[in-house]
Amino acid sequence: MRACVADDASKLARIVGDFPILRERTVRGRRLVYLDSAATSQKPQCVIDALVTYYSTYNANIHRGVYEIAARATDAFEDARAKVARFVNANPRDLVWTRNTTEAINLVAHSWGGANIKPGDVILVTQLEHHSNLVPWQELAAKTGARLAYVPVDDRGLHVLDDLDDLLDGVKLVALSHVSNTLGTIAPLDVIVPRAHAAGAVVLVDGAQAAPNMPVDVKALDVDFYAFSGHKMCAPTGIGALYGKRALLEAMPPFLTGGDMIRTVTYEGATFNDLPWKFEAGTSNIAGAIGFGAAVEYLSQIGMEWVREHERSLASYAFERLRELEPRGLVVYGPRDPDLVADVISFNYADIHPHDLASILDGEGVCIRAGHHCTMPLMEKMGWPATARASFYIYNTKQDVDALIDALGKAAAIFKIGRAGVAGALDG
Ligand code: 7TS
(Lines give C-alpha, C1' and ligand atoms only; values in the text may rest on other atoms or scores of the structure.)
Protein backbone atom coordinates (compact mmCIF):
# COMPACT_ATOMS: atom_id res chain seq x y z
CA MET A 1 0.00 0.00 0.00
CA ARG A 2 1.33 3.49 -0.85
CA ALA A 3 2.09 5.84 2.00
CA CYS A 4 -0.42 8.62 1.65
CA VAL A 5 0.99 11.76 3.15
CA ALA A 6 4.32 13.45 3.56
CA ASP A 7 4.65 16.27 6.05
CA ASP A 8 7.30 18.22 4.17
CA ALA A 9 7.04 21.51 2.31
CA SER A 10 5.60 19.84 -0.74
CA LYS A 11 2.72 18.51 1.32
CA LEU A 12 0.02 19.85 -0.99
CA ALA A 13 1.65 18.41 -4.10
CA ARG A 14 1.97 15.08 -2.32
CA ILE A 15 -1.69 15.20 -1.32
CA VAL A 16 -2.74 15.86 -4.91
CA GLY A 17 -0.53 12.93 -5.92
CA ASP A 18 -2.45 10.66 -3.53
CA PHE A 19 -5.61 11.03 -5.66
CA PRO A 20 -5.44 9.00 -8.88
CA ILE A 21 -8.36 10.85 -10.44
CA LEU A 22 -6.56 14.18 -10.00
CA ARG A 23 -3.26 12.75 -11.14
CA GLU A 24 -4.47 10.94 -14.19
CA ARG A 25 -7.87 12.12 -15.37
CA THR A 26 -8.37 14.79 -18.01
CA VAL A 27 -11.62 16.30 -19.25
CA ARG A 28 -11.65 17.11 -22.95
CA GLY A 29 -7.88 17.20 -22.86
CA ARG A 30 -7.75 19.52 -19.86
CA ARG A 31 -6.64 18.94 -16.30
CA LEU A 32 -9.56 18.02 -14.04
CA VAL A 33 -10.25 20.92 -11.68
CA TYR A 34 -12.60 19.47 -9.10
CA LEU A 35 -14.45 22.15 -7.15
CA ASP A 36 -17.44 20.10 -6.00
CA SER A 37 -16.17 18.34 -2.90
CA ALA A 38 -19.13 19.58 -0.85
CA ALA A 39 -21.18 17.18 -2.99
CA THR A 40 -18.67 14.36 -2.60
CA SER A 41 -14.91 14.28 -2.19
CA GLN A 42 -12.42 12.43 -4.33
CA LYS A 43 -10.80 9.29 -2.89
CA PRO A 44 -7.11 8.80 -2.13
CA GLN A 45 -5.25 5.68 -3.17
CA CYS A 46 -5.04 4.39 0.43
CA VAL A 47 -8.85 4.30 0.68
CA ILE A 48 -9.17 2.58 -2.70
CA ASP A 49 -6.50 0.11 -1.57
CA ALA A 50 -8.38 -0.61 1.67
CA LEU A 51 -11.48 -1.57 -0.36
CA VAL A 52 -9.52 -3.68 -2.82
CA THR A 53 -7.65 -5.45 -0.02
CA TYR A 54 -10.88 -6.27 1.82
CA TYR A 55 -12.62 -7.60 -1.28
CA SER A 56 -9.61 -9.45 -2.62
CA THR A 57 -8.16 -10.96 0.56
CA TYR A 58 -10.67 -11.23 3.45
CA ASN A 59 -14.20 -10.61 2.15
CA ALA A 60 -16.63 -12.24 4.60
CA ASN A 61 -19.64 -11.25 6.66
CA ILE A 62 -19.06 -9.94 10.18
CA HIS A 63 -20.13 -10.80 13.73
CA ARG A 64 -20.99 -14.40 12.84
CA GLY A 65 -18.30 -16.44 11.06
CA VAL A 66 -15.81 -18.37 13.21
CA TYR A 67 -13.36 -18.84 10.36
CA GLU A 68 -10.23 -16.74 9.96
CA ILE A 69 -11.26 -14.29 7.26
CA ALA A 70 -14.60 -13.64 8.96
CA ALA A 71 -12.78 -12.82 12.18
CA ARG A 72 -10.43 -10.54 10.25
CA ALA A 73 -13.39 -8.77 8.57
CA THR A 74 -15.07 -8.27 11.96
CA ASP A 75 -11.85 -6.90 13.47
CA ALA A 76 -11.33 -4.52 10.53
CA PHE A 77 -14.95 -3.32 10.71
CA GLU A 78 -14.77 -2.62 14.44
CA ASP A 79 -11.27 -1.18 14.15
CA ALA A 80 -12.64 1.26 11.56
CA ARG A 81 -15.39 2.25 14.00
CA ALA A 82 -12.72 2.97 16.62
CA LYS A 83 -10.80 5.14 14.13
CA VAL A 84 -13.85 7.14 13.07
CA ALA A 85 -14.94 7.53 16.70
CA ARG A 86 -11.45 8.76 17.68
CA PHE A 87 -11.55 11.22 14.78
CA VAL A 88 -14.48 13.05 16.43
CA ASN A 89 -13.35 12.24 20.00
CA ALA A 90 -16.17 9.78 20.67
CA ASN A 91 -16.24 6.40 22.35
CA PRO A 92 -16.73 3.66 19.69
CA ARG A 93 -19.77 2.33 21.58
CA ASP A 94 -21.47 5.67 20.95
CA LEU A 95 -20.83 5.66 17.21
CA VAL A 96 -23.43 3.99 14.99
CA TRP A 97 -22.74 3.24 11.34
CA THR A 98 -25.38 4.60 8.98
CA ARG A 99 -25.53 4.95 5.21
CA ASN A 100 -24.94 8.71 5.39
CA THR A 101 -25.89 11.90 7.25
CA THR A 102 -29.44 11.69 5.95
CA GLU A 103 -29.96 8.24 7.43
CA ALA A 104 -28.32 9.28 10.72
CA ILE A 105 -30.76 12.18 11.07
CA ASN A 106 -33.71 9.99 10.12
CA LEU A 107 -32.60 7.47 12.74
CA VAL A 108 -32.84 10.14 15.43
CA ALA A 109 -36.09 11.55 14.07
CA HIS A 110 -37.78 8.14 14.06
CA SER A 111 -36.27 6.64 17.18
CA TRP A 112 -35.62 9.52 19.60
CA GLY A 113 -38.26 11.74 18.01
CA GLY A 114 -40.92 9.03 17.96
CA ALA A 115 -40.38 8.37 21.66
CA ASN A 116 -39.98 11.94 22.88
CA ILE A 117 -41.77 14.44 20.64
CA LYS A 118 -45.37 15.07 21.67
CA PRO A 119 -48.22 17.22 20.36
CA GLY A 120 -47.46 20.92 20.84
CA ASP A 121 -43.69 20.39 21.23
CA VAL A 122 -41.34 22.70 19.35
CA ILE A 123 -38.40 21.59 17.20
CA LEU A 124 -36.00 24.45 16.46
CA VAL A 125 -34.01 24.38 13.22
CA THR A 126 -32.37 27.21 11.26
CA GLN A 127 -33.29 28.85 7.99
CA LEU A 128 -30.26 27.44 6.19
CA GLU A 129 -30.70 23.72 6.70
CA HIS A 130 -30.09 21.14 4.00
CA HIS A 131 -33.32 19.26 3.23
CA SER A 132 -31.81 16.27 5.06
CA ASN A 133 -31.96 18.22 8.32
CA LEU A 134 -35.34 19.73 7.65
CA VAL A 135 -37.71 17.26 5.99
CA PRO A 136 -37.28 14.53 8.68
CA TRP A 137 -38.31 17.13 11.32
CA GLN A 138 -41.21 18.37 9.22
CA GLU A 139 -42.42 14.78 8.86
CA LEU A 140 -41.97 14.13 12.59
CA ALA A 141 -43.86 17.31 13.43
CA ALA A 142 -46.68 16.37 11.05
CA LYS A 143 -46.93 12.90 12.63
CA THR A 144 -46.79 14.00 16.24
CA GLY A 145 -48.54 17.36 16.19
CA ALA A 146 -45.31 19.20 17.04
CA ARG A 147 -44.29 22.48 15.42
CA LEU A 148 -41.10 23.72 13.75
CA ALA A 149 -39.54 27.08 14.58
CA TYR A 150 -36.59 28.66 12.81
CA VAL A 151 -33.47 30.53 13.89
CA PRO A 152 -33.30 33.29 11.27
CA VAL A 153 -30.25 34.06 9.16
CA ASP A 154 -29.42 37.53 7.85
CA ASP A 155 -28.71 38.56 4.26
CA ARG A 156 -25.12 37.33 4.62
CA GLY A 157 -26.30 33.94 5.83
CA LEU A 158 -25.18 34.51 9.43
CA HIS A 159 -27.31 33.21 12.29
CA VAL A 160 -29.31 35.94 14.03
CA LEU A 161 -29.23 35.09 17.73
CA ASP A 162 -30.87 38.22 19.20
CA ASP A 163 -34.06 36.35 20.07
CA LEU A 164 -32.45 32.99 20.72
CA ASP A 165 -33.63 32.65 24.32
CA ASP A 166 -37.21 33.44 23.29
CA LEU A 167 -36.94 30.98 20.42
CA LEU A 168 -35.60 28.30 22.78
CA ASP A 169 -38.44 28.65 25.24
CA GLY A 170 -40.10 25.24 25.52
CA VAL A 171 -38.04 23.70 22.71
CA LYS A 172 -37.48 19.92 22.90
CA LEU A 173 -34.92 19.57 20.12
CA VAL A 174 -32.55 21.91 18.31
CA ALA A 175 -31.33 20.53 14.97
CA LEU A 176 -28.82 22.58 13.02
CA SER A 177 -25.98 22.21 10.57
CA HIS A 178 -22.44 22.87 11.78
CA VAL A 179 -21.56 24.29 8.35
CA SER A 180 -24.03 25.40 5.66
CA ASN A 181 -23.59 23.54 2.38
CA THR A 182 -24.90 26.54 0.40
CA LEU A 183 -23.16 29.49 2.03
CA GLY A 184 -20.35 27.89 4.01
CA THR A 185 -21.51 29.62 7.20
CA ILE A 186 -20.03 28.06 10.34
CA ALA A 187 -22.69 27.92 13.06
CA PRO A 188 -21.80 29.48 16.43
CA LEU A 189 -22.25 26.18 18.28
CA ASP A 190 -20.35 27.55 21.28
CA VAL A 191 -23.21 29.99 21.80
CA ILE A 192 -26.19 27.90 20.70
CA VAL A 193 -25.44 24.54 22.35
CA PRO A 194 -25.10 25.74 25.98
CA ARG A 195 -28.15 27.95 25.66
CA ALA A 196 -30.17 25.11 24.12
CA HIS A 197 -29.14 22.83 26.98
CA ALA A 198 -29.98 25.50 29.54
CA ALA A 199 -33.45 25.62 28.00
CA GLY A 200 -33.74 21.84 28.39
CA ALA A 201 -33.39 20.97 24.69
CA VAL A 202 -31.50 18.11 23.08
CA VAL A 203 -29.11 19.24 20.31
CA LEU A 204 -28.51 17.41 17.04
CA VAL A 205 -25.80 18.74 14.77
CA ASP A 206 -25.64 17.94 11.07
CA GLY A 207 -21.89 17.72 10.56
CA ALA A 208 -21.93 16.71 6.89
CA GLN A 209 -19.93 19.79 5.84
CA ALA A 210 -17.93 20.24 9.03
CA ALA A 211 -16.42 16.83 9.83
CA PRO A 212 -14.53 16.79 6.49
CA ASN A 213 -13.16 20.29 6.88
CA MET A 214 -12.25 21.13 10.48
CA PRO A 215 -11.35 19.45 13.73
CA VAL A 216 -14.53 18.15 15.37
CA ASP A 217 -14.66 17.14 19.03
CA VAL A 218 -18.15 16.01 19.94
CA LYS A 219 -17.33 16.06 23.66
CA ALA A 220 -15.97 19.61 23.59
CA LEU A 221 -18.96 20.72 21.51
CA ASP A 222 -21.19 18.94 24.06
CA VAL A 223 -23.68 18.02 21.34
CA ASP A 224 -26.18 15.22 21.96
CA PHE A 225 -26.11 13.86 18.42
CA TYR A 226 -23.65 14.48 15.58
CA ALA A 227 -24.29 13.13 12.07
CA PHE A 228 -21.77 12.94 9.23
CA SER A 229 -21.09 11.21 5.89
CA GLY A 230 -17.96 9.34 4.85
CA HIS A 231 -18.16 10.21 1.18
CA LYS A 232 -17.51 13.92 1.76
CA MET A 233 -14.30 13.11 3.64
CA CYS A 234 -12.38 10.76 1.34
CA ALA A 235 -14.36 7.61 2.23
CA PRO A 236 -16.63 5.62 -0.11
CA THR A 237 -20.30 6.42 -0.60
CA GLY A 238 -22.88 4.50 1.40
CA ILE A 239 -21.24 4.86 4.81
CA GLY A 240 -21.86 7.51 7.44
CA ALA A 241 -22.02 7.78 11.19
CA LEU A 242 -24.16 8.96 14.04
CA TYR A 243 -22.58 9.88 17.35
CA GLY A 244 -24.98 10.05 20.28
CA LYS A 245 -24.60 10.52 24.01
CA ARG A 246 -24.72 7.11 25.66
CA ALA A 247 -27.74 7.72 27.89
CA LEU A 248 -29.82 8.96 24.94
CA LEU A 249 -28.81 6.06 22.68
CA GLU A 250 -29.45 3.52 25.47
CA ALA A 251 -32.96 4.85 26.00
CA MET A 252 -33.86 4.95 22.30
CA PRO A 253 -35.79 2.13 20.63
CA PRO A 254 -34.22 0.51 17.54
CA PHE A 255 -34.73 2.28 14.22
CA LEU A 256 -34.67 -0.74 11.91
CA THR A 257 -35.08 -4.30 13.14
CA GLY A 258 -33.89 -7.70 11.91
CA GLY A 259 -30.56 -9.53 11.94
CA ASP A 260 -27.45 -8.40 13.83
CA MET A 261 -29.33 -5.93 16.07
CA ILE A 262 -30.89 -8.60 18.31
CA ARG A 263 -29.71 -10.45 21.40
CA THR A 264 -32.41 -13.14 21.51
CA VAL A 265 -35.45 -13.89 19.40
CA THR A 266 -38.33 -16.21 20.25
CA TYR A 267 -41.66 -16.74 18.51
CA GLU A 268 -43.05 -14.31 21.05
CA GLY A 269 -40.63 -11.43 20.63
CA ALA A 270 -37.04 -10.19 20.72
CA THR A 271 -34.50 -8.48 22.92
CA PHE A 272 -31.96 -6.15 21.43
CA ASN A 273 -28.20 -6.02 21.16
CA ASP A 274 -25.93 -3.61 23.02
CA LEU A 275 -24.86 -0.29 21.58
CA PRO A 276 -23.95 0.46 18.89
CA TRP A 277 -25.17 -2.72 17.16
CA LYS A 278 -28.76 -2.17 18.39
CA PHE A 279 -29.01 0.39 15.58
CA GLU A 280 -27.27 -1.67 12.87
CA ALA A 281 -29.87 -4.05 11.47
CA GLY A 282 -28.86 -6.34 8.61
CA THR A 283 -25.48 -6.74 6.95
CA SER A 284 -23.61 -3.47 7.19
CA ASN A 285 -21.56 -1.74 4.53
CA ILE A 286 -18.44 -3.59 5.67
CA ALA A 287 -16.15 -2.38 2.89
CA GLY A 288 -17.46 1.16 3.29
CA ALA A 289 -16.74 1.18 7.02
CA ILE A 290 -13.22 -0.14 6.43
CA GLY A 291 -12.75 2.54 3.76
CA PHE A 292 -14.04 5.20 6.19
CA GLY A 293 -11.47 4.04 8.73
CA ALA A 294 -8.70 4.41 6.14
CA ALA A 295 -10.05 7.84 5.17
CA VAL A 296 -9.97 9.29 8.68
CA GLU A 297 -6.54 7.81 9.24
CA TYR A 298 -5.43 9.62 6.09
CA LEU A 299 -7.05 12.91 7.18
CA SER A 300 -5.53 12.58 10.64
CA GLN A 301 -2.08 12.17 9.11
CA ILE A 302 -2.65 15.37 7.16
CA GLY A 303 -3.99 17.04 10.30
CA MET A 304 -7.42 18.62 10.52
CA GLU A 305 -5.95 21.94 11.71
CA TRP A 306 -3.95 21.99 8.48
CA VAL A 307 -7.11 21.16 6.48
CA ARG A 308 -8.98 24.09 8.06
CA GLU A 309 -6.06 26.47 7.48
CA HIS A 310 -5.62 25.31 3.90
CA GLU A 311 -9.29 25.87 3.12
CA ARG A 312 -9.27 29.23 4.89
CA SER A 313 -6.39 30.36 2.72
CA LEU A 314 -8.04 29.03 -0.46
CA ALA A 315 -11.29 30.81 0.44
CA SER A 316 -9.37 34.01 1.13
CA TYR A 317 -7.65 33.79 -2.26
CA ALA A 318 -10.92 32.91 -4.03
CA PHE A 319 -12.75 35.88 -2.45
CA GLU A 320 -9.91 38.14 -3.64
CA ARG A 321 -9.96 36.78 -7.20
CA LEU A 322 -13.77 36.76 -7.44
CA ARG A 323 -13.81 40.40 -6.33
CA GLU A 324 -12.03 41.24 -9.64
CA LEU A 325 -15.20 40.15 -11.45
CA GLU A 326 -17.62 42.11 -9.28
CA PRO A 327 -17.61 45.18 -11.56
CA ARG A 328 -18.90 42.83 -14.27
CA GLY A 329 -21.82 41.60 -12.21
CA LEU A 330 -20.37 38.73 -10.22
CA VAL A 331 -22.10 38.46 -6.85
CA VAL A 332 -20.73 36.31 -4.03
CA TYR A 333 -23.29 35.21 -1.43
CA GLY A 334 -22.75 34.36 2.19
CA PRO A 335 -20.50 35.91 4.84
CA ARG A 336 -17.58 36.50 2.37
CA ASP A 337 -15.14 36.18 5.25
CA PRO A 338 -12.69 33.25 5.33
CA ASP A 339 -12.95 33.14 9.13
CA LEU A 340 -16.71 32.66 9.00
CA VAL A 341 -17.01 30.12 6.18
CA ALA A 342 -15.70 26.63 5.63
CA ASP A 343 -15.47 24.87 2.31
CA VAL A 344 -18.01 26.52 -0.03
CA ILE A 345 -18.52 29.75 -1.95
CA SER A 346 -21.83 30.43 -3.69
CA PHE A 347 -22.13 33.03 -6.42
CA ASN A 348 -23.91 34.20 -9.52
CA TYR A 349 -22.39 35.90 -12.53
CA ALA A 350 -24.44 38.70 -14.06
CA ASP A 351 -27.54 37.19 -15.58
CA ILE A 352 -25.92 33.93 -16.69
CA HIS A 353 -28.00 31.05 -15.39
CA PRO A 354 -25.89 29.01 -12.94
CA HIS A 355 -26.56 25.83 -14.94
CA ASP A 356 -25.21 27.52 -18.10
CA LEU A 357 -22.24 28.70 -16.09
CA ALA A 358 -21.58 25.18 -14.77
CA SER A 359 -21.79 23.79 -18.35
CA ILE A 360 -19.34 26.34 -19.70
CA LEU A 361 -16.97 25.68 -16.80
CA ASP A 362 -17.26 21.95 -17.49
CA GLY A 363 -15.99 22.68 -21.00
CA GLU A 364 -12.85 24.06 -19.31
CA GLY A 365 -12.48 21.02 -17.06
CA VAL A 366 -13.79 22.89 -14.00
CA CYS A 367 -16.44 21.03 -11.98
CA ILE A 368 -18.80 23.16 -9.90
CA ARG A 369 -22.37 22.61 -8.73
CA ALA A 370 -25.34 24.75 -9.74
CA GLY A 371 -28.87 24.78 -8.37
CA HIS A 372 -30.62 25.07 -5.02
CA HIS A 373 -28.15 22.75 -3.23
CA CYS A 374 -31.01 21.02 -1.40
CA THR A 375 -31.77 24.22 0.51
CA MET A 376 -34.91 25.36 -1.32
CA PRO A 377 -36.41 27.34 1.61
CA LEU A 378 -33.15 29.29 2.03
CA MET A 379 -33.02 30.08 -1.69
CA GLU A 380 -36.60 31.29 -1.60
CA LYS A 381 -35.98 33.44 1.47
CA MET A 382 -32.93 35.01 -0.16
CA GLY A 383 -34.72 35.43 -3.50
CA TRP A 384 -32.16 33.45 -5.48
CA PRO A 385 -33.60 30.98 -8.00
CA ALA A 386 -30.25 29.14 -8.02
CA THR A 387 -26.57 29.73 -7.37
CA ALA A 388 -23.28 28.43 -8.70
CA ARG A 389 -21.17 26.86 -5.98
CA ALA A 390 -17.45 26.14 -5.83
CA SER A 391 -16.27 24.00 -2.95
CA PHE A 392 -12.72 23.25 -1.88
CA TYR A 393 -10.92 20.39 -0.26
CA ILE A 394 -7.48 19.22 0.79
CA TYR A 395 -6.28 18.65 -2.78
CA ASN A 396 -7.32 22.02 -4.23
CA THR A 397 -4.70 24.62 -5.03
CA LYS A 398 -4.53 28.31 -5.88
CA GLN A 399 -4.09 27.16 -9.49
CA ASP A 400 -7.55 25.60 -9.22
CA VAL A 401 -8.96 28.97 -8.11
CA ASP A 402 -7.15 30.60 -11.06
CA ALA A 403 -8.66 27.98 -13.38
CA LEU A 404 -12.11 28.88 -12.01
CA ILE A 405 -11.51 32.59 -12.64
CA ASP A 406 -10.19 31.93 -16.17
CA ALA A 407 -13.21 29.75 -16.93
CA LEU A 408 -15.54 32.46 -15.61
CA GLY A 409 -13.77 34.80 -18.03
CA LYS A 410 -14.65 32.41 -20.89
CA ALA A 411 -18.27 32.42 -19.75
CA ALA A 412 -18.27 36.22 -19.68
CA ALA A 413 -16.93 36.28 -23.24
CA ILE A 414 -19.53 33.77 -24.46
CA PHE A 415 -22.35 35.74 -22.83
CA LYS A 416 -20.75 39.04 -23.85
CA ILE A 417 -20.82 40.34 -20.29
CA GLY A 418 -19.95 44.01 -20.25
CA ARG A 419 -18.64 46.25 -17.49
CA ALA A 420 -22.05 46.71 -15.93
CA GLY A 421 -22.58 42.96 -15.87
CA VAL A 422 -25.16 43.06 -18.64
CA ALA A 423 -25.25 40.30 -21.25
CA GLY A 424 -24.72 41.54 -24.81
CA ALA A 425 -22.87 44.67 -23.65
CA LEU A 426 -19.33 43.44 -24.10
CA ASP A 427 -17.00 46.39 -23.85
CA GLY A 428 -13.75 44.58 -24.30
N1 7TS B 1 -26.40 18.02 5.42
C2 7TS B 1 -25.58 18.84 4.77
C3 7TS B 1 -25.17 20.14 5.40
C4 7TS B 1 -25.13 18.49 3.50
O5 7TS B 1 -24.31 19.30 2.84
C6 7TS B 1 -25.54 17.27 2.93
C7 7TS B 1 -25.15 16.87 1.54
C8 7TS B 1 -26.36 16.43 3.68
C9 7TS B 1 -26.79 16.85 4.93
C10 7TS B 1 -26.78 15.10 3.19
O11 7TS B 1 -25.68 14.28 3.08
P12 7TS B 1 -25.82 12.78 2.52
O13 7TS B 1 -24.45 12.25 2.53
O14 7TS B 1 -26.75 12.09 3.44
O15 7TS B 1 -26.39 12.93 1.14
N16 7TS B 1 -24.87 17.93 0.70
C17 7TS B 1 -24.69 17.89 -0.61
C18 7TS B 1 -24.36 19.03 -1.35
O19 7TS B 1 -24.21 20.14 -0.88
N20 7TS B 1 -24.24 18.68 -2.66
O21 7TS B 1 -24.50 17.38 -2.78
C22 7TS B 1 -24.77 16.88 -1.52
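A crossing of two helices counts as right-handed if the near helix is turned clockwise from the far one, and as left-handed if the near helix is turned anticlockwise by less than a right angle. In this predicted model, the crossing of helices α3 and α11 turns out to be right-handed. Helix α3 covers residues 45-58 and helix α11 covers residues 286-302. The two pack at an angle of about 145 degrees, and their axes sit 8 Å apart.

As for who touches whom, α3 brings Cys46, Val47, Ala50, Leu51, Tyr54, Tyr55 and Tyr58 to the contact. From the α11 side come Ile286, Ala287, Gly288, Ile290, Gly291, Ala294, Ala295 and Tyr298. Sorted by class, this contact has 13 nonpolar residues and two polar ones, with no charged residues.

Some of the atom pairs at the ligand can be picked out one by one. Thr102 has a polar side-chain atom 2.5 Å from an oxygen atom of the ligand. With Asp206, a polar side-chain atom lies 2.5 Å from a ligand nitrogen atom. His130 also places a polar side-chain atom by a nitrogen atom of the ligand, here at 3.4 Å. Taken on its own, the ligand has 490 Å² of accessible area, and the protein covers 89% of that.

Technical notes
Residues are numbered from 1 along each chain as its sequence is written. This is a predicted model: local features need pLDDT of at least 70, side-chain atom pairs count only at pLDDT 80 or more; totals for chains, interfaces and linings use all residues. Side-chain values use heavy atoms; hydrogens and water are left out. Axes are lines fitted to C-alpha atoms, for helices over the stretch in contact, and angles run from 0 to 180 degrees between N-to-C directions. Helices (H or I, at least four residues) and strands (E, at least two) are DSSP runs, numbered from the N terminus. Contact means heavy atoms within 4.5 Å. Ala, Val, Leu, Ile, Met, Phe, Trp, Tyr, Cys and Pro count as nonpolar, Asp, Glu, Lys and Arg as charged, and the others, Gly among them, as polar. A polar contact is a pair of N or O atoms within 3.5 Å; within protein, one must be able to donate a hydrogen and the other to accept it, and residues adjacent in sequence count only if both atoms are side-chain atoms. Accessible areas come from the Shrake-Rupley method with a 1.4 Å probe; for residues, only the protein chains shown count as cover.
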